[in-house]
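Visitor: I would like to go through this structure and ask what stands behind each label. Please show it to me before we start.

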Amino acid sequence: MNIIIFGATGRTGNELMLRALEAGHTVTAFVRNPSKLTVSHRHLKVEKGEASRYSDINDVMSKQKYDVVYSVLGAKGMFKRDLPLIEAMKNIVQAAEKNNAGKLIHVSFVGVHPDAGKLGFLYKYMIPIFMTNLIRDHLEKDAIITNSKLNWVLVQPPVLTSDVYNGKYIHEAKVQGDHSRKLKLSRSNLAQFMLNLAEDVTYDKTAVYVTE
């Protein structure tokens, strides 16, 4: 498959890129600073640009047809609004629509799920109070995607870790509130799940909770 990754220099994006290349996909990494990419591969193309600038994204996406568009752009912090990310999401969606791109798979956050309160005290009381700006940003980005004409999946993990890949994770459209779950997810597990979604229609046009 031919895929493009926005946020390939981030920890999750880098993991996704490596797994996609290993699986034999052709990957375009859209990055602000190409020097941060330490990977060289015959199936990897690096495009420099600003995600907050529509013309940069459209120029890249108009060159070829992408089967999957991955959005793994990370926020700078948890407590302040990150408005450039909102603008970036608008640009990605607009360019994807204009150039008839395939499925858009975006990393959201389980804290914005309507049933997040089932996950316990932290998600029911603490996060809604102390991370209001983070929640607001995620809700706005999710709305941009769900109101688009694209085929999409919102992937909603809990806290992300740097643990090694073990393939032991669960995913569901509705939060069950099973307290035996760890409420954390390694970026490697998240990347593999996102890669699987490229050819899996189960959660198309759905928000999916994934955790360990």
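Guide: Buried means under 20% relative accessible area, exposed means over 50%, and partly exposed lies in between. Keep in mind that this is a predicted model.

Visitor: Why is Phe6 called buried?

Guide: Phe6 has a relative accessibility of 1%. The cut-off for buried is under 20%, so Phe6 at 1% counts as buried.

Visitor: What makes Phe30 buried?

Guide: The relative accessible area of Phe30 is 4%. That value is set against the limit of under 20%, and therefore Phe30 is buried.

Visitor: Why is the pair of Phe6 and Phe30 called tilted?

Guide: The ring centres of Phe6 and Phe30 are 5.0 Å apart, and the planes make 45 degrees. Centres within 6.5 Å make a pair; planes under 30 degrees apart would be stacked and over 60 edge-to-face.

Visitor: What makes the pair of Tyr169 and Phe193 edge-to-face?

Guide: The planes of Tyr169 and Phe193 stand at 70 degrees, with 5.8 Å centre to centre. The distance is within 6.5 Å and the angle is over 60 degrees, so the pair is edge-to-face. Tyr169 sits in the loop between β7 (159-161) and β8 (170-172), whereas Phe193 sits in helix α6, 24 residues apart. Both residues are buried. Ring pairs also join Tyr169 and Phe193 with Tyr203 in a cluster. The structure has five aromatic pairs.

Visitor: How do you know that α6 is mostly covered?

Guide: Of the 11 residues of α6, 10 are buried. They include Arg187, Asn189, Phe193, Met194 and Leu197.

Visitor: Why is Leu197 called buried?

Guide: Leu197 has a relative accessible area of 1%, and buried means under 20%, so the label applies. Leu197 lies in helix α6. Beyond four places in sequence, Leu197 touches Lys103, Ile105, Val153, Val155 and Tyr203. Its C-alpha atom is 13 Å from that of Tyr209, which is 12 residues apart along the chain.

Visitor: What makes a set of residues a nonpolar core?

Guide: The largest nonpolar core has 31 residues, and Ile5, Met17, Tyr70, Val155 and Met194 have the most contacts inside it. Among the elements that give two or more residues to this core are β1 (2-6), α1 (11-22), β5 (103-107) and β10 (206-211). Helix α6 gives the most, six residues. Met194 is in contact with Leu16, Tyr70, Val72, Ile105, Val107 and Val155, leaving aside neighbours within four places in sequence. Apart from this core lies another, of 23 residues, including Phe30, Leu104, Ile145 and Trp152.

Visitor: Why is Gly74 called exposed?

Guide: Gly74 has 59% relative accessibility, and exposed means over 50%, so Gly74 counts as exposed. Gly74 is in the loop between β4 and α3. Not counting residues up to four places away in sequence, Gly74 touches Asp82 and Leu85. The C-alpha atoms of Gly74 and Glu47 are separated by 18 Å.

Visitor: Is Asn100 buried or exposed, and why?

Guide: The relative accessible area of Asn100 is 54%, over the 50% limit, so Asn100 is exposed. Asn100 is placed in the loop between α3 and β5. Its phi is near 55 degrees, a positive value in a residue other than glycine. Most residues other than glycine have a negative phi.

Visitor: What makes Leu183 partly exposed?

Guide: Leu183 has a relative accessible area of 24%. Buried means under 20% and exposed over 50%, so 24% falls in between and Leu183 is partly exposed. Leu183 is in the loop between β8 and β9 (184-186). The phi of Leu183 is also positive, near 55 degrees.

Notes:
Residues numbered from 1 in each chain as written. Predicted model: local features only at pLDDT ≥ 70, side-chain atom pairs only at ≥ 80, totals over all residues. Heavy atoms only, no water. Core = buried A, V, L, I, M, F, W, Y, C linked by side-chain atoms within 4.5 Å. Buried < 20%, exposed > 50% of the residue type's maximum accessible area, 1.4 Å probe, protein only. Helix = DSSP H or I, 4+ residues; strand = E, 2+ residues; numbered from the N terminus. Contact = heavy atoms within 4.5 Å. Phe/Tyr/Trp six-rings, centres within 6.5 Å; stacked < 30°, edge-to-face > 60°.
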